Amino acid sequence: MAIDYQSLAVRGVQALSPYQPGKPIDELARELGLDPADIIKLASNENPLGPSEKALAAAREALSELCLYPDGNGFDLKQALSARLAVGMDQITLGNGSNDVLEVIARCFADPDAEVVYSQYAFAVYPLVTQAIGATGVSVPARDWGHDLDAMAAAVTERTKLVFVANPNNPTGTVHKAADIETFLAKIPERVLVVLDEAYCEYLTGDAYPDGVQLLSRFPNLIVCRTFSKAWGLAALRVGYSISSPAIADVLNRVRQPFNVDTLALAAATAVLADDAYLERSREVNSAGLRQLEQAFDRMGLAYIPSAGNFVAVDVGEQAQAVYEALLARGVIVRPVAGYGMPRHLRVSVGLPEQNARFIEALEQSLAALGQGS
Ligand SMILES: *Cc1c(COP(=O)(O)O)cnc(C)c1O
């Protein structure tokens with residue numbers, strides 16, 4: 001009798017549905033017979049500036065080392081991060097994107113009988129890594145699209161091993177002030193690890209928002225995760241990291257793959273950290289683009305969730321899937337978020353001014369074609 005190999009997968013994996021990435025430009029070009037150059041992708045919160053020249057030069061220079069294994073300790077990158085963040089190199093764990101670090105954290109600290117707490121509408125990777133190890137995910141209902149931190153603290157039980165908090169959160173763009181995060185952290189027992197995912201922290205301005213790294217000395221159960229994929233513009237290279245106590249980092253470093261960040265990625269990430277002008281431009285383009293999108297939504301009478309990230313979730317009504325497809329037909333890729341329980345919203349990443357304008361025009365046309373014009 002034929003074996004059903006899917007039934008051999010461990011229980012958590014059998015129930016998994018894979019992460020749904022944004023549609024790649026080349027895929028849409030193939031499907032619709034369009035020229036890839038005529039398509040814009042505002043679907044994965046990528047940096048619209050293109051990579052930093054300094055990062056490109058460093059990656060090019062590193063090409064001659066392709067025959068060698070990477071530096072498994074990532075010495076240069078850790079040294080640069082350590083100087084920038086004023087933390088010890090032994091507090092840093094590098095990952096193949098911060099997704100890798102998030103998964104390693106779950107594998108290291110949650111066993112199959114553990115509970116893992118996260119928010120409704122939170123980043124999809126948290127339930128994914130939780131389920132993959134067979135642990136129980138506890139999704140706490142959101143408040144105003146953001147984390148209900150009081151309810152999350154109250155959801156911690158004897159079995160809770162991990163709590164994930166994204167600040168700002170993706171896909172909602174909601175953010176908590178420093179005081180709220182500190183009050184929350186003070187309520188969490190020290191035996192429960194809190195992962196503060198700061199993938200978009202570089203876009204925050206002003207003192208009101210928390211800097212997870214500053215909180216580490218007061219909250220030893222904290223793990224701060226960051227990435228080079230967004231404001232630093234290196235999504236293709238897959239580099240992320242966590243900052244934690246040395247003891248926690250030591251555990252994570254035992255489980256991560258020894259060469260999880262490749263040579264080009266290490267070189268480019270190290271170089272981009274010295275390119276503050278690039279980061280500054282990323283921030284400027286983003287805040288101007290967010291304003292451009294918000295003004296257009298206001299004009300069109302569309303509700304949106306105010307965002308602290310490089311994207312915004314806009315309520316386009318009950319036909320969101322049809323609007324998404326109508327945008328695709330016009331060569332504009334955004335992200336449906338029905339899988340997050342947000343069937344009326346589309347998430348659009350902030351692009352360059354002309355990309356935002358093209359998205360807005362295509363959105364107006366699509367809504368009009370579907371009889372929803374404003
Ligand atoms: C984009 C994103 C990440 C980063 O993913 P990488 O694996 O580093 O590319 C992590 N957390 C959240 C909430 C994100 O939106």
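In the predicted model, helix α3 (residues 53-62) crosses helix α11 (residues 263-272) at roughly 145°. Their axes come within 8 Å. The crossing of this pair is right-handed. On the α3 side, the contact is formed by Lys54, Ala55, Ala58, Ala59 and Ala62. These residues meet Thr263, Leu264, Ala267, Ala268, Ala271 and Val272 of α11. By residue class, the contact of α3 with α11 comprises nine nonpolar residues, one polar and one charged.

Helix α12 contributes Gly289, Gln292, Leu293, Ala296, Phe297, Arg299 and Met300 to the contact. Helix α14 contributes Pro353, Asn356, Ala357, Phe359, Ile360, Leu363, Glu364 and Leu367. Ten residues of the contact of α12 with α14 are nonpolar, three are polar and two are charged.

Helix α14 also takes part in the packing around helix α13. Helix α13 spans residues 320-329. Its buried residues are Ala320, Val323, Tyr324, Ala326, Leu327 and Leu328. Besides α14, these residues pack against helix α2 (25-32) and the strands β11 (332-333), β12 (335-336) and β13 (345-349). Gly331 follows α13 and has a positive phi, near 80°.

Notes: Residues numbered from 1 in each chain as written. Predicted model: local features only at pLDDT ≥ 70, side-chain atom pairs only at ≥ 80, totals over all residues. Heavy atoms only, no water. Contact = heavy atoms within 4.5 Å. Helix = DSSP H or I, 4+ residues; strand = E, 2+ residues; numbered from the N terminus. Nonpolar A, V, L, I, M, F, W, Y, C, P; charged D, E, K, R; others polar. Axes fitted to C-alpha atoms, helices over the stretch in contact; angles between N-to-C directions. Left-handed = near helix turned anticlockwise from the far one by under 90°. Buried < 20%, exposed > 50% of the residue type's maximum accessible area, 1.4 Å probe, protein only.
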